[in-house]
Amino acid sequence: MKEQAVIEQSFAHSIDWKLDGDFVLNEALRANALTYLSENAFPTTRTEAWKYTRVTKIKNNSLHIASAAPIAELAPIDAAAISLVFVNGHFDATRSASDFPAGMKVIPLSQMDEAERNVLGEIDAQKTDLFSAINTAYATDGVYIHVSARVQIAPTIAITHITTGDHVLVNLRHIIHLEKFAELNMIQQNTTDSGENAFSNIINQVYVGENARLTIDKLQNESEHAFHHATEFINQQKDSVFTINTITLNGGWVRNNLNCFVNGVNCETNLNGAYVLTGNQHVDNHTVVDHMVAHCNSNELYKGVIDGKATAVFNGKVFVRKDAQKINAFQSNGNVLMSLDASVNSKPELEIYADDVKCSHGSTTGQLDEEAVFYLRARGLSEASARQLMVGAFINDVFEKIENEHVVAWIHDEISKRFNWSFE
Amino acid sequence: MISIKNLHASIDGKEILKGLNLEVKAGEVHAIMGPNGAGKSTLASVLAGREEYEITAGEVIFDGVDLLEMSTEDRAREGLFLAFQYPIEIPGVSNINFLRTAMNEIRAYKKEDPISAKEFMALVKEKSALVELDAKLASRSVNEGFSGGEKKRNEIFQMAMLEPKLAILDETDSGLDIDALRIVANGVNKLKTPNNASIVITHYQRLLDYIVPDFVHVLYNGRIVKSGPKELALELEEKGYDWIKAEFAE
């Protein structure tokens, strides 16, 4: 690790950070990304995709690349899972598994041969955005996971991202590749050990081969002073199934960009999300499902409970390209506001260029039904129990989509710790 | 059981109850009848603790305690039950789960141990049979997708589970066909003991063929203007409310 570099306040207005560190992606990609960064500024709320999410606090944050540091033990969500731990953006071999099932290859980018890793990390130029460029320029690690054709991996692969220390900048690039008929279930957990104002910027580049199945449970539970930007680029081949469950329980500023490119026929794409927010949290879920070809199904269910002064943003976009007939695309976003200061901006969008499709989208935002609260109280429930029961029922629709019971148990546990709710 | 004295209540500045008096003793069934707008549902709402109503005068003593000082949930925990005129649908909240939570909160209030899962399920089985409520309905989301009759049976099922001291049935008969009416009434009758009491609010005399009241009261213009034995209900059915209105018009 070279000298740690601190972004000078005077440079903060541009993204010409010129950070020092050991960066893993190949020099040509990095050079392009650095050029992109020097020529572009952080988006403002005048940019449509950033209309409701301000990046000022990241812009003004004096970030630095940190080395790994000691952290407290973290209990695994799924004890049987194969664990891969990253601390401050660096693979932690001592906390991670070293044996993997036959038919899969798992290598941290930092441990790969340069020649091998030089072929990784390219993101389609047209998909480049500022945060992806930051990641390309400054990724310090990540994991390459390859599952061979016809191999089903039984244990869950659990990747944990932990930050410790103040103003830490983390850029990780994971590359997940499932050959045809491969199957894999993953957990990706984001958490804070200690410190404030860490900024994690994580990209998953995912290839789901023909008839392959991939599930990711993405669990976000960082500190109230952490910033998190996550991007997924999903490339689905024919007959494949991709499912991602994005659960955001804590984190000061969270932006998820989920981009699913459905390139083959007869695919299924499931995007579920739940966010339970309070305090001054700001959580923004942007999703894109791009149906390039015919005969595919996509299902999207995002639900949020927003208390305190928290704000949530949902923007879900579904494209159905020309001649991509017989697409079924369903999208739904529901929000319950628990306080007068809580707010949400929800924008479902459909762009359809085919004429024989079944697409729907819906968005609801409201308070709990006070008549129902009264009804429950009239049966002897306290007001708090009545509200909790109703909110739990509302958000549980999303949790019920999660197949990994360890993940569901973890969610219930975290919610009971943070919000003092319990589920039946 | 309950003693209501000179109760005045208003909503949005409009006075609905104008000095209502009613005394119900343990073991009794009282019917309250009256034309639309007389204040029947307001009485039920005020007793259950609906916060939109302002109590401007009067007192309600329920089994020795001042009812009007208590929160809605504490009234329920003290043994007051309101069968809603329009039971609320609560998507996602299971009937069974919420009832168990309710029972345990009531038990905690009385400093009793929570009910065991086994005991609870046995009780569900017994009480749902009482109102011929399909066990599957009992475990579905509260009232969601229930027919009108099923919703009313679910109210009586909940009443059977909670075993209140005083049940107020607010127009439980309205909208029911004769079979559903018989089932609901039968449930109420089976739950009757010398230690509990019911106030049956209804617009129609028909229900009182099945739930025979000890007293019938006529509520008109925010007051009980006439009380009598069960025969009064028949008289009202025959003559309508016009003679009451004529007699007591302001």
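Two residues are in contact if their C-beta atoms, placed from the backbone, lie within 7 Å. All views show a predicted model, in which local features need pLDDT of at least 70, side-chain atom pairs count only at pLDDT 80 or more, and totals for chains, interfaces and linings use all residues. Residues are numbered from 1 along each chain as its sequence is written, while chains are lettered from A and ligands numbered from 1 in the order in which they are written.

**View 1. The contact between chain A and chain B.** Chain A brings 20 residues to this contact, and chain B brings 21 residues. On the side of chain A that touches chain B, α5 (370-377) and α6 (383-399) of chain A each supply at least two residues. Helices (H or I, at least four residues) and strands (E, at least two) are DSSP runs, numbered from the N terminus. α6(A) gives the most to this side, with eight residues. By class, the side of chain A that touches chain B holds ten nonpolar, four polar and six charged residues. Here Ala, Val, Leu, Ile, Met, Phe, Trp, Tyr, Cys and Pro count as nonpolar, Asp, Glu, Lys and Arg as charged, and the others, Gly among them, as polar.

**View 2. Domain 1 against domain 2 in chain A.** The domain assignment of chain A gives domain 1 (9-264) and domain 2 (370-424); such bounds come from an automatic or database assignment. Their C-alpha centres lie 31 Å apart. Twelve residues of domain 1 are in contact with eleven residues of domain 2. On the domain 1 side, β8 (183-194), β10 (213-221) and β12 (241-250) of chain A are the elements that give two or more residues. β12(A) gives the most, with four residues. This side of domain 1 divides into four nonpolar, six polar and two charged residues.

**View 3. The open sheet of chain B.** Six strands form the sheet in the order β6-β9-β10-β3-β11-β12 (chain B), with mixed pairing. Two strands pair if DSSP finds at least two bridges between them. β6 (80-83) and β12 (223-228) of chain B stand at the edges, each with a single partner strand, so one side of each has no neighbour in the sheet. From one strand to the next, the twist averages 20°.

**View 4. β9, β10 and helix α1 of chain B.** β9 (residues 166-170) and β10 (residues 197-202) of chain B pair in the parallel sense over five bridges. B:Ala167 stands opposite B:Ser198 in β10(B). Helix α1 (residues 40-48) of chain B packs on the sheet, touching β3 (29-33), β6, β9, β10 and β11 (215-220) of chain B. The direction of α1 makes about 145° with that of β9(B). Axes are lines fitted to C-alpha atoms, for helices over the stretch in contact, and angles run from 0 to 180 degrees between N-to-C directions.
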